[in-house]
Amino acid sequence: MFDPDIAPSGTLLGLLQRGRGDGTLHALAAPRAEALAALHQCVLRDPRRDWQVENRSLYYARLCLDLDAGLDEIEQHLFHPDDLVDEDEARTGLALSVLGHLAAYGRADALRLLRRYAAAGSNWEWALDELALRDDDTGLRRLAPAILVRFPETSDGDAELAAVVRGAYEPRPWRLWADDPHHGPRVRAAAEQGAFDRWQRQLRPSGPRPGWSVHDILLWAQREHDLKPDARRPDAAARCLAAVAGPEDRPELLAAAASAPDAARAAALRHLAETGDPEVLDLIEAAVTEPDASELVSQAALSAFERMRSIAALDRARVWAHRPDALGDAAAAMLSCRGGQYDTPLVLAALRRTVRAEGPDAQTLWTLVDGAGRLTISCAAPVLRHIYRETASSHLRGRAARALAATDPSFAAGFAVECLWDCEESTRELAAHHAATADARVVEQLRRLAADPAEEAEVQTAVRSRFEPEAPGF
């Protein structure tokens, strides 16, 4: 994950980077050269804050088709000398995904470019996955020599090949190559070795194992954390405590949650929260507010609180929700998810406070936005509209759109229209249910989505629900 340079939301580039529906509409109305320049900047410099979960490829591929864009810029990016030294798949992943969608739409030049990159590029596995979904058997079989030559016929090369075959996201090319008279024996051997390695790991797991007592588990959690701070042993230790801890162990667990070393304390806090111990809320507050508490302990305490489902936790959240700190954020998030209508002022205040203090991309906004929609806080609509326009996260924008659908009477004739062109399928699905058909663009886009083979089934189901005899304009 990285922090890309996002242009202002009122510019064409900013709209396209965010994946907003208005980006497509503005690009189609702008001079073609300007629209292509902005589009290429997005495709070649991935604007997503989390490229593993946010969608952009289909959005950009559709705009490529609408603008009749060539592929010269993408080709130069893929085969730039940087590809020889920079193996980060985030550099080329978005461009390869766009090519995959274009190939699915029948662009033969995109298919040829994917084949070339799969044969010679550093991110060849991604390109091969795209081809596995779109290329024919003949095209895939021709790639076998170029792919297999990457793995020397040595013990290390065979081991690397087995790992790649075992971890292939799309196994179709490997299955085709396994039937090839020339390459088949090596590919089949690699597949068999990968299956054997997996069986060995399952038969003889090599992970650490604690002793079966509360004392042993807490010691193990701390010792393993000291050796591997990123291994999240406190979470594993808490699961072990659930299996062995009894009423007689409560004093030891309370003492550990109050003053044990960091990892042991974190494990004890989580276990006590999951069992609903009456003293755990005071221990959580102390762990978060102590001046010398470590980040591990404070984050574990907040996580433990967020997982609680008791009435006592809700009552304490109403007390903490006024706090301008992490504990107040966690309390407001709990009220957003589980509070009642009488908690509306607290959720609204937290939503406004967070936007003012941290801006429209704060991680804590996700739950608060959901809460504003769940509680139907109509006076939150102005804040939600601001988040919708300004956030760089397409997922948060989709949540804001869903909340606006529940709180803003103007949503159907406003943001819902542009949401039909949004980059996220869940947002397009929402728009398909709500967009007012008085706008001729809505009818045309609904028909396009219904006929597009690349569109998600959920979106097309929502579109078909609008095609009813009594619906005007169809």
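This briefing describes the overall make-up of one protein chain and then turns to one of its helices. The model is predicted. The chain has 474 residues, of which 51% are buried, and its secondary structure consists of 29 helices and zero strands.

**Overall dimensions and surface**
- Along the principal axes, the C-alpha atoms of the chain fill a box of roughly 70 × 65 × 45 Å.
- The chain has an accessible surface of about 22600 Å², and carbon and sulfur atoms account for 52% of that surface.

**Contacts along the sequence**
- When contacts between residues at least 6 apart in sequence are considered, 66% of them join residues at least 24 apart.

**Charged side chains**
- The chain carries 74 negative and 55 positive side chains.
- The centres of these two sets lie 3 Å apart.

**Helix α23**
- Helix α23 spans residues 365–374.
- This helix is largely enclosed by the rest of the structure, because seven of its 10 residues are buried.
- The buried positions in α23 are Leu365, Trp366, Leu368, Val369, Gly371, Ala372 and Gly373.
- Just after α23, Thr376 adopts a positive phi of about 50°.

Technical notes:
Residues numbered from 1 in each chain as written. Predicted model: local features only at pLDDT ≥ 70, side-chain atom pairs only at ≥ 80, totals over all residues. Heavy atoms only, no water. Helix = DSSP H or I, 4+ residues; strand = E, 2+ residues; numbered from the N terminus. Buried < 20%, exposed > 50% of the residue type's maximum accessible area, 1.4 Å probe, protein only. Contact = heavy atoms within 4.5 Å. Areas by Shrake-Rupley, 256 points an atom, 1.4 Å probe, with all protein chains shown as cover. Lys, Arg positive; Asp, Glu negative; His and termini not counted. Charge placed at Lys NZ, Arg CZ, Asp CG, Glu CD.
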